[in-house]
Amino acid sequence: MTQGIKKYQVVIIGGGPAGLSGAIRLYDQGIEDILILEREHQPGGILRQCIHDGFGLTRFKESLSGPEYAQRLIDEIEKRNIEIINNCTAIDLTGDKLVSAVSKTGFFQVKAEAVVLAMGCRERTRGALSIPGSRPSGVYNAGVAQSYMNLHNIMVGKRVVILGSGDIGLIMARRFSLEGAEVLGVYEILPFPSGLPRNVEQCLNDYDIPLYLSHTVIDVHGRGRIEAVTVAEVDQNRQVIPGTEKKIDCDTLVLSVGLIPENELSLSAGVELDPRTGGARVDENCQTNIKGIFAVGNVLHVHDLVDFVSEEAEAAANSIAEYLAGELPSSTLSITCTKDIGHVIPQKFNGKRDFILWLRVRDLGKKVTVQVKQGEHLVARKFLPKALPAEMIQIPIKKENILPHQEIEVSIK
Amino acid sequence: MTIPIKNRRFTCIVCPMGCEIDVDFSDDEIISIQGNQCVKGENYVKSELTNPQRTIASSVFVKNGEIPLVSVRTSGAIPKNKIFDCMKEIQKLEIEAPVKLGDILISNVLNLGVDIIATKNIAAQKQ
């Protein structure tokens, strides 16, 4: 039996903070014909398992837990009666904005005038790092361990080694400690922590958990269940320093080694990705190379603060409303950056409006000035007493400072 | 007799600025605070040196709930040295669905002037 293809003005793939914030703003801009597709049985995205507080500090001036921040958005969605299909996985997207999906009622397709990619990201795995050794149970990505412990009532282990000092690893170091596990150490391959300083303080120092910088895991031991790992120090080229190998007995290895925007659907549709972010190349409206397909939130670039995810999604929603009215100008001028900058979003602009430039520096730096220039003309700059790769930087760009027809380059002075 | 002066560097966590604040102090008093850009930073380091405060979050099993766990957190900060005592109180909880976001599960935990509150809605399992 074939179902007819239902049409919507906007289909949003992903009911996490990006998708929900975008939907609310779209509705308030007069676009009510919206469908949100959400994979889990309830919306909220990754916030559902982030039970610690610190969310909403800029947006609500309160320190909320992830689920509370999500509920604020869900309440607004319910007030407006915006349609969400839960337990629904989008399995294909075409450049024509035809979405194919599977849900509890079976396979169906919807056609949209505009699509919002809000799928978030997935975690980098052990396989991707090629960590040698046996393949016993007890090796978990940090987000998976978080999901087991905070959603499914499963304690994943008691003697834990954590590889990677990204925020998820740090948060889990604290979570494990609070639940009575022993966290033997956090091992970070870089010479500085990947996560935010406040997390190093509140998740490691508070619990006397040692942080070993310039270290990594080089072997995994155990047959049925992991029994130990071998760690070693590395040099500035990330090569193992011989003689520094140490075997650590443990029953759990947790990996917090990077987040990758989840863009399989985007690739199916022909969306161009930026290898530096793993997300789509977009303009200042969050529009991808395909007209009418927009990307927001972690699927575009991995954020540190959910408040900024909401901000980004809302700005995009304003642009989508203009797109649907046929009034969105196209953006053809490039924004590039020098090697000391990790990435910039957007990668394209048109210069006809104010916008926000988002970027991360590649290395730790003190007294850093980020410059946004068109040739020798200074468009904007920002001084940072301290710049960390872990903290995304926002630079507001004013239309009146932009020269016509010239590309922008972002660099560190 | 000279009083030994100790020095500690803090990264303030009150706002995203993350100012690095250097504090010189002796056993009796704080001698100098430098590097903060506002009074909140000054108050933060004073608190860290005398009586550090933290918020904590955990999950509690819910009987008969549509999902097994409700996330909970402290409604305000508690002394850092009470964290594990607070966890013991949380682990004693026996909760039954439904639970509403904001429900006070432990009032004034350990007499610290702070509650343990539910941070999710959990409906009762459908029969």
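Student: Which residues touch the most other members of the largest nonpolar core?
Tutor: This is a predicted model, in which local features need pLDDT of at least 70 and side-chain atom pairs count only at pLDDT 80 or more, while totals for chains, interfaces and linings use all residues. Side-chain values use heavy atoms, without hydrogens and water, with residues numbered from 1 along each chain as its sequence is written. A nonpolar core is a set of buried Ala, Val, Leu, Ile, Met, Phe, Trp, Tyr and Cys residues joined through side-chain atoms within 4.5 Å, where buried means under 20% relative accessible area, exposed over 50% and partly exposed in between (1.4 Å probe, protein chains only). Of the 65 residues in the largest such core, those touching the most other members are A:Val10, A:Val11, A:Ile12, A:Ile13, A:Leu37, A:Val99 and A:Leu117.

Student: Which helix gives the most to this core?
Tutor: Helices (H or I, at least four residues) and strands (E, at least two) are DSSP runs numbered from the N terminus. With nine residues, the helix that gives the most is H8 (residues 306–324) of chain A.

Student: How do the buried residues of H2 in chain B lie around its axis?
Tutor: In this helix (residues 83–91), B:Ile83, B:Cys86, B:Met87 and B:Ile90 are buried. Taking the directions from the helix axis to the C-beta atoms, the buried residues of H2(B) line one face, because they fall within an arc of 105 degrees.

Student: Are H5(A) and H6(A) roughly parallel or roughly antiparallel?
Tutor: Axes are lines fitted to C-alpha atoms, for helices over the stretch in contact, and angles run from 0 to 180 degrees between N-to-C directions. Helix H5 (residues 167–178) and helix H6 (residues 197–204) of chain A pack at about 20 degrees, with their axes 8 Å apart. Angles under 35 degrees count as roughly parallel, over 145 as roughly antiparallel, 65 to 115 as roughly perpendicular and the rest as oblique, and H5(A) and H6(A) are therefore roughly parallel.

Student: Does B:Asn64 count as buried, partly exposed or exposed?
Tutor: B:Asn64, with phi near 65 degrees, has a positive value in a residue other than glycine, and its place is in the loop between strand E5 (57–63) and strand E6 (69–74) of chain B. At 35% relative accessibility, B:Asn64 counts as partly exposed.

Note on methods:
Chains lettered and ligands numbered in written order.
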